[in-house]
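Take a moment to look over the model below.

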Amino acid sequence: MSQEPLLPYGSPSILSGIAENFAFHSSPESFITARSLAFQKAHPHQADSRIPIRAKVLNRDVAVISSYDQVRQILCDEEITSFLSSSQAYDELMAPFFPPPNLLLHDPPDHQERKNAWVERMATLNESIRPLVHDIVLDHFRNIPSGSTVDHYESMKHLSWRILLSMFIQKKDDGNGGEHADIEALHEDLLRGQFSLFPVSINTRLWRSPRSKGLQARQKLQSILGDKVAHGRCPFAVGEPEEGEDIANHLLLFTSSLAAKGLASLLSAVLLNLNLFQEGGSLLSTKIQTLEDSKQRSNYIQSMILEVERLSPPVVGIMRRTTQDIILRGNQESAPPTLIPKSWDLWLYFVGAGRDPTTFGETADRFTPSRYYNSGFSRQEGFAFGAGVKSCLGKDMIRMIVSAVVETCLGQIQGLNSNSSSEDTVIRLQADVGDLPAGVQGWLGWKPKVNPEEWARDIKQLPTQRPRKPIMVEVQHQLAS
């Protein structure tokens, strides 16, 4: 007998919506888990807490989805995706700062034609990515004396900015500032304006709101990037004049603070796992280096990266807005379907979906670097880059960058026409695992069942995931054997 669809759990009032807005921004993980536990207490027969949660975020009715199957329905089921809009969902948050035309704010069917054109453009970068990343990574770490201690996330953020800006504006950066630093500072102002909890643009002699500063930064960046496109200082060829505007608008996205911090988040988690996680009594870096051939090593690195994406996605979720009522299947056979009314926002929580035991079993919240390697890459991936027709354009590029960083740190990249010396360096990062806070170990998948309070205390989740307090690592240089 079929069950009647139910609205998401919860019924926030307008007044409580203000409190929920701040609670959600403080820690989505804590926000969602607290409401899931309240649901379980009221409905003890429902063992799985991954039920849709109703909330008020940015004064909108929101259904927060953290079930793997339901996230996949929303992203991949054509019967549902045809009644969802990303442009409407992001209109207030993104459009003023990343004006169209851009892929992020395009909905199907027009989206696919534009995306195909950008896939072709991005493919032209593939041959240059690995040697460029190789050189930048070696230079980055050689500027840190061996034995020095650094803030790991800040180090990865600096590295990420250098990689992305060097790729997309084709200007060599020595890591000491200059034009790259000016672009980075403008992007930081843009991001603060975008994520401000005070979404009003005010500009007076005495005070300017973060939103006002962000909008001004966007105008300056558009001028800088448009000039680079016009003078051939970007990697994409320009044909018709409208192509130049399209390319400049996408460069604003590709070089954004959100992109740099997302890459820094992913690199932070990957290199902590590579250098500190032990599997079978050996460091993960040692295990990879002892594999018999380069193909095995490459596949194991890819498996590790996919596992980090699953457990520790840099961006914790994305939004969609319903253009008519939709019904989601229950995330378990016994669970009723969920009715999401027209004009609601769907907030897809990738952290919860990637740790759903219904999909990933008893080890859902544990870092298992061989998960995809041992299954022949047949296991379901996480949602770090979304899924379906609106999956992230930069997925393959970012994975190539991260792989190149790992291979360079391991001294494994061979046969590159790079500018580095022929005698490459192996980079090691050292830290006392016992000093890592519980929430950080939960974020990495080293410690299961970390409580929401520890996660909220130790991990900042917006705009991208990172440790709240510095994780200090010692950088060691060794000659490659």
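Which residues of H18 are buried? They are Met397, Ile398, Arg399, Ile401, Val402, Ser403, Ala404, Val405, Val406, Glu407, Thr408 and Cys409. Buried means under 20% relative accessible area, exposed means over 50%, and partly exposed lies in between (1.4 Å probe, protein chains only). Because 12 of the 15 residues of H18 are buried, the helix is largely enclosed by the rest of the structure.

This is a predicted model, in which local features need pLDDT of at least 70 and side-chain atom pairs count only at pLDDT 80 or more, while totals for chains, interfaces and linings use all residues. Residues are numbered from 1 along each chain as its sequence is written, and side-chain values use heavy atoms, with hydrogens and water left out.

Helix H18 covers residues 395–409 and reaches 21 Å from its first C-alpha to its last. That is close to the expected 21 Å, where the expected span is 1.5 Å times one less than the number of residues. Helices (H or I, at least four residues) and strands (E, at least two) are DSSP runs, numbered from the N terminus. The cover over the buried residues of H18 includes helix H6 (110–123), helix H12 (257–276) and strand S11 (425–430). Just after H18, Gly411 takes a positive phi of about 70°.

Now consider the whole protein. It has 20 helices and 14 strands, and 54% of its 481 residues count as buried. Among contacts (heavy atoms within 4.5 Å) between residues at least 6 apart in sequence, 73% join residues at least 24 apart. A search of the whole structure finds zero disulfides, a disulfide being a pair of cysteine sulfur atoms within 2.5 Å. Cys76 counts as partly exposed because its relative accessibility is 31%, whereas Cys234 counts as buried, at 6%.

Arg320 is found in strand S7 (residues 317–322). Leaving aside neighbours within four places in sequence, the contacts of Arg320 include Leu75, Tyr90 and Trp344.

Leu283, in strand S6 (residues 282–283), is partly exposed, with a relative accessible area of 31%. Not counting residues up to four places away in sequence, Leu283 touches Asn275, Leu276, Phe277 and Gln278.
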